[in-house]
Amino acid sequence: MKKLYIASLFFAASSIGNAQMLIPEFEEPMMMEHISSDADETMPLPFNNANSFYFSRTYINSKGEPFGQDTWIVDKKKGEWDNPYRLFRADYLEGEFNIIGTSRSGDRVYLFGTSYKKEGKEVIETTKLIYLDQKGKDKWEDPVEIKIPKLEFTDELYYAFHMDYDGEILMISMSESKNHLDEDLFVSLKNEDGSWSEVIHLGDRINTKKSETSPYLTKDRKTLYFASDGHDGLGGTDIFVSYRIGDGWDQWTRPLNLGAPINSEDHDGYFTFGDSMDIYFTSDRVGVHMSVFHTSTTGEFKFANQEAKFDYAKLPAEGMTIKIYDVDGTLIDEVQTDAYGNFTFKKLEGDEYYLFKSMRLTMRISLERKSIL
């Protein structure tokens, strides 16, 4: 009879449990051609039980420069998506604004942009965050400004936002200064009195020396999807997921790349959930403009490529062969440890038992499947 030794197997960012190691598998994404145009479509925001969604449209000139933007809406009728139409047709909102959030019913929208006011021969531009409440079909209340302490907008910097459905957590992508050209992710929290906190940097596990953009926080307030070209990816910007550790906002698990078919060699971002299965994101993998893509989860999960390490004093660290078997005893992988005892495995699935075998150790582990949506 073989002796079973108890050893420690450390997974990267294991402090929030096995769920962080699993990422969902997705159907092949399809571009929503009927809403695509000769402009960039971004920020799909589903509401009304995913029977409608808002999105931003940014117009691009022949030099590839943006020269205007507005918010559009598209509704589902008899199970099919209807043609989109522009919001605020009745000039309820002067200036250029793009949507950054909505309530679950869609009757409150959060916007970021610039308003213009003419004073004599001078035009005064004011960049701000606002929200509007709907009071009837195509009718809206006057905008209310959202003020974040010490957050001052300038034309020299880039900003992107996502307001959660409860209107209490504002995720922010921005440069810290004009000398810091790449964007980092921050958060501002709504206080009990209705005011907002100063911005909080999400920390170096999320932020890199390159750009982190299009943040999206799920309803559990622990799971963050974002786009980045600073973490290992397939090309352009890829979409990553990370999990918040504890109650603070600066401790996160190592970001996981969602991989293909969500990510491509081009720019991918603005990942959002429609419901428990539907996914929307944007990409320029077809043509030169960003377009909205739709996909859904298959209900299956895959084990993310994670680093692991044996911590067992009597085992040699370097060059140890680890054989990985499934519950039926079939060899599914064989890896070797490096000089520090580290190895990487790629083929594990959730909800199963596995055997890790070496010449001197056998260890059985179970991976519990948990939803990360």
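Q: Over the face of which residue does R285 lie?
A: This is a predicted model, where local features need pLDDT of at least 70 and side-chain atom pairs count only at pLDDT 80 or more, while totals for chains, interfaces and linings use all residues. Residues are numbered from 1 along each chain as its sequence is written, and side-chain values use heavy atoms, leaving out hydrogens and water. A charge counts as over a ring if NZ of Lys or CZ of Arg is within 6 Å of the ring centre and within 35 degrees of the ring normal. For R285, the distance from the ring centre is 5.2 Å, and the ring belongs to F293.

Q: How far is R244 from the ring centre of W249?
A: Here's another Arg and ring to look at. R244 lies over the face of W249, and its distance from the ring centre is 3.8 Å.

Q: How many strands does the protein have?
A: Helices (H or I, at least four residues) and strands (E, at least two) are DSSP runs, numbered from the N terminus. The protein has 0 helices. Its strand count is 30.

Q: How many residues apart are F53 and W81?
A: Phe, Tyr and Trp rings (for Trp, the six-membered one) pair if their centres lie within 6.5 Å; planes under 30 degrees apart are stacked, over 60 edge-to-face, and the rest tilted. Among the 20 aromatic pairs in the structure, F53 and W81 form an edge-to-face one, 5.1 Å centre to centre with 70° between the planes. F53 sits in β5 (residues 52-60) and W81 in β7 (residues 80-81), so this pair links distant parts of the chain, and the residues apart number 28.

Q: Which residue forms a tilted aromatic pair with Y216?
A: The two rings are 6.3 Å centre to centre, with 50° between the planes. Y216 is in β18 (residues 212-217) and its partner in β22 (residues 268-273), so the pair ties together parts 57 residues apart in sequence. The partner is F273.

Q: What is the relative accessible area of F273, buried or exposed?
A: Buried means under 20% relative accessible area, exposed over 50%, and partly exposed in between (1.4 Å probe, protein chains only). Y216, at 5%, counts as buried. F273 is buried too, with a value of 8%.

Q: How many residues are in the largest nonpolar core?
A: A nonpolar core is a set of buried Ala, Val, Leu, Ile, Met, Phe, Trp, Tyr and Cys residues joined through side-chain atoms within 4.5 Å. I100, L129 and F161 are among those with the most contacts (heavy atoms within 4.5 Å) inside the largest one. Strands including β10 (108-119) and β11 (122-136) each supply at least two of its residues.
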